[in-house]
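Please look at the sequence and the structure shown below before reading on.

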Amino acid sequence: MKVILDTNIYIATMRFINLDRMLIWKLLEEGITIVLTDFIIEELRENFREKYKPEEWGRALDLLLKFLGTGYVEVKRWDEYSYHIEEARKLTNEKDAPLLAAAMLDDVDFLITRDKKAFLENEKLRGTPLGRKVHSPQSFLAHLRTIQYGIGFR
């Protein structure tokens with residue numbers, strides 16, 4: 001299974017001990033591949049610069065390196081998902097279209113985000129098969145529990 005995590009998940013994960021951090025480690029423990037994109041990596045750099053204090057940078061980068069070192073992280077490049085960009089722009093805002101375009105790849109199973117406006121409560125997206133790929137951290141953890149106990153995902 002492969003999942004893309006929105007940058008808002010990483011930002012919270014690398015700064016606080018919370019559900020988002022638990023989610024990432026749970027994915028890695030379960031052998032689920034986390035998909036990063038060149039877009040996500042660039043957005044993380046910008047967010048680290050804007051939202052983190054200088055002393056938090058090192059800790060965030062150490063955690064990112066730990067994630068990368070697990071062997072369960074895959075990086076997708078622009079040329080792999082850019083052909084979905086026009087369709088993604090029709091379903092969400094310009095800023096988040098690259099993330100949605102990457103989630104449209106056939107080998108990506110889920111997009112996990114906390115962004116309600118662009119994804120979770122987006123009516124245009126909800127009405128598509130792609131909408132079933134989009135989950136909050138809480139709903140995805142619930143999904144993992146249903147898999148562990150042999151109950152189908154709703």
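Predicted model: local features only at pLDDT ≥ 70, side-chain atom pairs only at ≥ 80, totals over all residues.

Two packed helices are described by the angle between their axes and the distance between the axes. Here the axes of H3, which covers residues 38–51, and H4, which covers residues 54–69, come within 9 Å and cross at roughly 150 degrees. Because an angle over 145 degrees counts as roughly antiparallel, the two helices H3 and H4 are described as roughly antiparallel to each other.

## The sheet beside H3

The strands form an open sheet of five, arranged in the order E3-E2-E1-E4-E5 and paired in parallel. At its edges stand E3 and E5 (134–135), each of which pairs on one side only. Helix H3 packs on this sheet, where it touches E1, E2 and E3, and the direction of H3 makes about 75 degrees with that of E2.

## Strand E2 and its partners

Strand E2 (residues 33–37) runs parallel to E1 (residues 2–5), to which it is joined by three bridges, and within this pairing Ile 4 has Val 35 of E2 as its bridge partner. E2 also pairs with E3 (residues 73–76), again in the parallel sense, over four bridges, and there Ile 34 stands opposite Val 73 of E3.

How many of the five residues of E2 are buried? Five of the five are, so the strand is largely enclosed by the rest of the structure.

## A residue within H3

Asn 47 belongs to helix H3. Is this residue buried or exposed? Its relative accessibility is 12%, and because buried means under 20%, Asn 47 counts as buried. If its neighbours within four places in sequence are left aside, the residues in contact with Asn 47 are Thr 7, Ile 11 and Tyr 52.

Methods
Residues numbered from 1 in each chain as written. Heavy atoms only, no water. Buried < 20%, exposed > 50% of the residue type's maximum accessible area, 1.4 Å probe, protein only. Contact = heavy atoms within 4.5 Å. Pairing = 2+ DSSP bridges. Axes fitted to C-alpha atoms, helices over the stretch in contact; angles between N-to-C directions. Parallel < 35°, antiparallel > 145°, perpendicular 65-115°, else oblique.
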